[in-house]
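Please open the structure in your viewer and keep the sequence beside it. The stops below say what to select next and what is there.

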Amino acid sequence: MEFVFKKNQIALYDSQELVIAEVTFPDLDADTVEIDHTFVDDSLRGQGVAGQLMTAAAKELRRQKKKAVLTCSYAVNWFGKHPEYADIVKK
């Protein structure tokens with residue numbers, strides 16, 4: 001499974017180039033993004049894909065030295081369980 005990193009999105013595509021999993025994080029300003037959407041196709045549910053996407057997003061945002069506002073319910077829950085990434089959550 002190989003994620004594709006694009007500006008404000010990390011996604012997984014099927015063989016027909018359709019998105020089958022993604023996390024999106026549009027810019028709010030130069031230093032802040034909004035993690036607003038996480039999606040995993042039913043065919044991938046229960047395999048930890050959403051968590052892998054969130055880990056990839058957290059690492060990418062840390063690398064970019066950006067903070068995140070969490071509006072996606074999955075992201076709020078995930079960051080609550082992963083305090084090691086609390087430094088990227090905008091207070």
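The tour goes from a sheet to one of its residues and then to a helix.

This is a predicted model, in which local features need pLDDT of at least 70 and side-chain atom pairs count only at pLDDT 80 or more, while totals for chains, interfaces and linings use all residues. Residues are numbered from 1 along each chain as its sequence is written, and side-chain values use heavy atoms, with hydrogens and water left out.

Strands 4 and 5 are antiparallel, with two bridges.

Next, pick Thr 32 in strand 5 (residues 32–35), the bridge partner of Asp 29. Thr 32 has a relative accessible area of 4% and is buried, a term for under 20% relative accessible area with a 1.4 Å probe and protein chains only. Now show the side chain of Lys 90, which a polar contact of 3.4 Å joins to that of Thr 32; such a contact is a pair of N or O atoms within 3.5 Å, one able to donate a hydrogen and the other to accept it, and residues adjacent in sequence count only if both atoms are side-chain atoms.

Finally, select helix 1 (residues 49–63), which has 15 residues. Its buried residues include Val 49, Leu 53 and Leu 61. After helix 1 comes Lys 65, whose phi is positive, near 60 degrees.

Technical notes: Helix = DSSP H or I, 4+ residues; strand = E, 2+ residues; numbered from the N terminus. Expected span 1.5 Å × (residues − 1). Buried < 20%, exposed > 50% of the residue type's maximum accessible area, 1.4 Å probe, protein only. Pairing = 2+ DSSP bridges.
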